[in-house]
Amino acid sequence: MAGLTPRYVLRRLGMFVLTVWLGATIIFIIPRLAPGDPVAAMVSRLMAQAGYIENSAEIIAAWRARFGLDGPIWVQYLAYLRNMVMLDMGYSLSSFPSQVDEMIADALPWTVGLLSVSTLLSFLIGNTIGALMGWPRVPAWIRALLPTTLTFTSIPFFMLGILLVYVFAYELRWFPPTGAYGRGLSPGWNWPFIKSLAQHGVLPVMSIVVTSMGFWALGMRGMIITNQGEDYMILAEAKGLRPSRVFLQYGIRNSILPQVTALALSLGGIAGGSTLVEYIFAYPGMGYLLYQGIVNTDYTLIQGIVFMLILGTATAVLILDLLLPILDPRISYER
Amino acid sequence: MSVTLSHQIGERRPAGTENVVLEVHNLKVYYTTPTGDVRAVDDVSFEIREGEIVGLVGESGCGKTTTAMAILRLVQSPGRIVGGQILLDGQDLVRLNERELREIRWTRISLIPQGAMNSLNPVMRIKDQIGDAIETHEGRLPRKELQERILKLLAMVGLPSRVYHMYPHELSGGMKQRVCIAMAIVLNPTLVIADEPTSALDVVVQRVVGETLLEVKNRLGVSMILIGHDMGLMAQLVDRIAVMYAGRLVELSDVYSLFKEPLHPYTQLLIESIPSIKERKPLKLTEGLTHDLRNPPPGCIFQLRCPHVTDKCREVVPPLLEVQPHRRVACHLYYDV
Ligand SMILES: Nc1ncnc2c1ncn2[C@@H]1O[C@H](COP(=O)(O)OP(=O)(O)OP(=O)(O)O)[C@@H](O)[C@H]1O
Ligand SMILES: [Mg+2]
């Protein structure tokens, strides 16, 4: 069996670069195919607010130059690629002179914190429920009760979010309704801030976990049940192994593999944020930023966020490619 | 020929000279289906003596695997043991609870499964799959001791020591089969059940695996139930043959007499249809005449295909009786009950 070879790592890195480059190119092309000129649109919006603006044609030209929209398309493209490599995403169209990368840098940690915690929790709880639902040795009454925990999966999570805010924030006043941390606290490694962060996180995390764990549970249940009929499961029992060992080392160990792939992909998608949840809870993350970008037709901002999403997904796939052969010996580092 | 009922295996006690390790009495295993019970094993009785290999033959679907799994108490749902006794050194396995069963499995009875290709856990190394059987029953062992033991075992079935660290997908079919054989004897069980250990292998590898089994038997003196349809292989390996047809045992005999003079009409057809190199023989068994296992006809199970069928065969179930020394057959041709 071949271990992790430099050749394999290089090839995976190559795939990574190729994916990101293709993604970046597509988000460069698409806005330029769309009808309308974002700069002109912005200036006319300003005019609508301020009444009349002098020299609007010159202003438009100056701004086009400022945003690098005046050169031939391939010059724009090369400049764009160079900027993307340096994670320089230019100025935000709607909140000039803010830099898009700074706005993203401000929002990303909140989203990553919120979504990684809720995705991992959902994965753990969902898979546990699913595995127990599929395992014949679990007492029948437990297996009958488990599906009730998945009732909320059928509710759209923004609805659940609104419900949670109403019940726990406004009626019971257990948790704050919006924001990522209390007013007047400064982010840092101090106890009041961390406590406030956790309190603010409970409702959004809950709304995501409760509505998404059904996805994991059903997948896991299906895998466990399919796995039951495998010859190696019967042999494991014939060997007289303890049920816990048969369950974990033979059942779960084989059923978890496709789940891990799905987990990696959802972790990769975190960079895009969860727009609805962040909007409902006014959580200052990527989803909220994306919402603002769309509302204000802020192309550079949208581009930046989508680019982060591509980067995140490609990174997740890269890590998955490096890890999977360790989890599943049948996948070799050769291919 | 006339024989009294007391010779029926159900009432026969071990003679004392030969040690019986396993006695199966009137075993019934049914599969529940929406249209009625499938009687996969129906009133089957036989015994296995110390150090002998008994072949269990019969066409596909006659209940061989179900019999084997019943002995291990591993009949898969919707199947269930409906009746009978399975005595291992006098202890009835049918009455044991889960924990007691776990102690007996592998230490006393082990299995070489029908699908050796898929019987190894794809994400565990061979050493761990053999090791967990040892450590479950004997407790934690020093790493060195465990390794030595597994390596010795692999050598015994003719596998190179590199197999120790390998994963199942890195082995050929024959190698996997031999890993399964090695695994089955690791705890020195009293009885090994080998379910078609050579089907799905090419002829050369079949021979090698067959020889491995024989070697194992000779060196360890274990008793074995060898399931298969390959009469040629049976002739080489086994001491006695049990012939099953549609869930019932129709003949049980020492291998020499059975090949020389098969008694039951089904056995006769089975022997006649063994292909030989010199002449091509047509398969005598007519397809499609077998009954539905859910709804067996009254009387003999073989009546629809039997060339010698009489009225009695359609009414009275022929019991498995000893009609010659060491030969039992379930057929009205040989007795008058
Ligand atoms: N899950 C099940 N549900 C219903 N019937 C079943 C089930 N499993 C097996 N059977 C029936 O039980 C009978 C015996 O099956 P078994 O697997 O013991 O046959 P076998 O002699 O081992 O055949 P083969 O030589 O093909 O391995 C068959 O007729 C089969 O149709
Ligand atoms: Mg079978």
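This is a predicted model: local features need pLDDT of at least 70, side-chain atom pairs count only at pLDDT 80 or more; totals for chains, interfaces and linings use all residues.
Local features need pLDDT of at least 70 and side-chain atom pairs count only at pLDDT 80 or more, while totals for chains, interfaces and linings use all residues; side-chain values use heavy atoms, without hydrogens and water. Residues are numbered from 1 along each chain as its sequence is written, and chains are lettered from A and ligands numbered from 1 in the order in which they are written.

**Exercise 1.** State which strands stand at the edges of the eight-stranded open sheet of chain B.

Solution. 
- Strands are DSSP runs of E with at least two residues, and helices are runs of H or I with at least four, both numbered from the N terminus.
- Two strands pair if DSSP finds at least two bridges between them.
- The order in chain B is β6-β7-β8-β3-β9-β10-β12-β11, with mixed pairing.
- β6 (109-112) and β11 (321-324) of chain B each have a single partner strand, so one side of each has no neighbour in the sheet.
- As for the partner of β11(B), three bridges join β11(B) to the antiparallel strand β12 (residues 327-329) of chain B.
- Within this part of the sheet, Gln324(B) has Arg327(B) as its bridge partner in β12(B).

**Exercise 2.** Find the salt bridge of Arg327(B) and decide whether its two residues are buried or exposed.

Solution. 
- A salt bridge is a side-chain nitrogen of Lys or Arg within 4 Å of a carboxyl oxygen of Asp or Glu.
- Arg327(B) meets Glu251(B) at 2.9 Å, N to O.
- Arg327(B) lies in β12 and Glu251(B) in β10 of chain B, so the pair ties together parts that are 76 residues apart in sequence.
- Buried means under 20% relative accessible area, exposed over 50%, and partly exposed in between (1.4 Å probe, protein chains only).
- Arg327(B), at 2% relative accessibility, is buried.
- Glu251(B), at 0%, is buried.
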